[in-house]
Amino acid sequence: MASLRHKQLATRIKNIHKELRKLSFDVGPEAAWEQHLKDEKTLEIYAKSMRELAEKHWRSKATSEEDRIQWTVNTIVNYFDRDEIERWKQKELRGINVLKEKGLEIDVKSDEITEADVKLEVLDVGSSGNFFKGFDRLNILPIDISPSDNSVYRCDFLSVPVEDRLEVDDMKISTLPTSFFNVVIFCLLLEYLPSSVQRIQVCEKAYKVLKKQGILIVITPDSSHEMKNSRQIKNWRWTLSKLGFQRIRLAKLKNLTCMAFRKSLAPELTR
């Protein structure tokens, strides 16, 4: 059972979400987000609340099966280190051959096919407290609009340009590199954004910064029973397939739904 402090923190976060959505309804999602980014007091309250929840309440009570951090790391390791990436690649190559036989022109260059690297480049979006640090296999780039840890870079993923390089100045990121990361993590991020358009926009940006065969991890709050939100989960699967992603893993944890999506060798395969 959640403690009083746990409930207070969760309520505080939910209220900030509600106020942001109300503001979005009044002035539009773009203007609402811009105003929110300028509200340093609210950003600090949100960041500190999320960090306290994560460090003092979620991790202390979670088993390895229920912990979102461990689920994410296990998913990444299973995909890159246990031949899962090769299995998906061969499946997609067969699909590409079928499409080519039907007359579709699909160009998959060999240098675009990403094999497992010695060190996996991971972009943790909305990191706040850099909760994935400490895993030797992962080279983490943690970003947040309001970092609560000195190792987290300040960056608004929704608006940051994606170019051919990473630009950093005084722990602030001004550009992100295209086709660079093996993994992008959206842990409790999408529900923060006040509109569905913005949620799709950040997924499109994740597609741009990922290498071919890279994976997008999406973790969202879900305290309902396993089938109640199945329609919403199917909608996300359909939406991301239109962007060129294929879902490769789905798990219902306590109060969470966790998904992993693979950036396909060719977007035609998922549409």
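Predicted model: local features only at pLDDT ≥ 70, side-chain atom pairs only at ≥ 80, totals over all residues.
Me: Which element gives the most to the lining of the largest cavity?
Reply: Helix 3, strand 1 (120-125) and strand 2 each supply at least two residues of this lining. The lining has 29 residues, and those nearest the cavity centre are Val125, Gly126, Ser127, Asp144 and Leu189. With 6 residues, the element that gives the most is helix 3.

Me: How much space lies in the largest cavity?
Reply: The count of cavities of 30 Å³ or more comes to 1. The space in the largest cavity is about 350 Å³.

Me: Which element has the lowest mean pLDDT?
Reply: For the protein, the mean pLDDT is 87, and 90% of residues reach 70 or more. Strand 6 (residues 172-177) has the highest mean among the elements, at 97. The lowest, 80, belongs to helix 3 (residues 40-61).

Me: Is Ser146 buried or exposed?
Reply: Ser146 is placed in the loop between strand 2 (138-144) and strand 3 (153-154). Beyond its neighbours within four places in sequence, Ser146 is in contact with Leu43, Glu44, Ala47 and Arg154. Because its relative accessible area is 10%, and the cut-off is under 20%, Ser146 counts as buried.

Me: Which residue's backbone oxygen does the side chain of Lys212 reach?
Reply: Lys212 lies in strand 8 (residues 210-221). Its relative accessibility is 17%, so Lys212 counts as buried. At 3.0 Å, the side chain of Lys212 reaches the backbone oxygen of Leu265.

Terms used. Residues numbered from 1 in each chain as written. Heavy atoms only, no water. Helix = DSSP H or I, 4+ residues; strand = E, 2+ residues; numbered from the N terminus. Buried < 20%, exposed > 50% of the residue type's maximum accessible area, 1.4 Å probe, protein only. Contact = heavy atoms within 4.5 Å. Polar contact = N/O pair within 3.5 Å; in protein donor to acceptor, adjacent residues only side chain to side chain. pLDDT = per-residue confidence, 0-100. 1 Å grid on protein atoms, 1.4 Å probe; cavity = no way out; pocket = protein on both sides within 12 Å on 5 of 7 lines; lining within 4 Å. Points joined across faces, edges and corners; volume = space filled by probe spheres on them.
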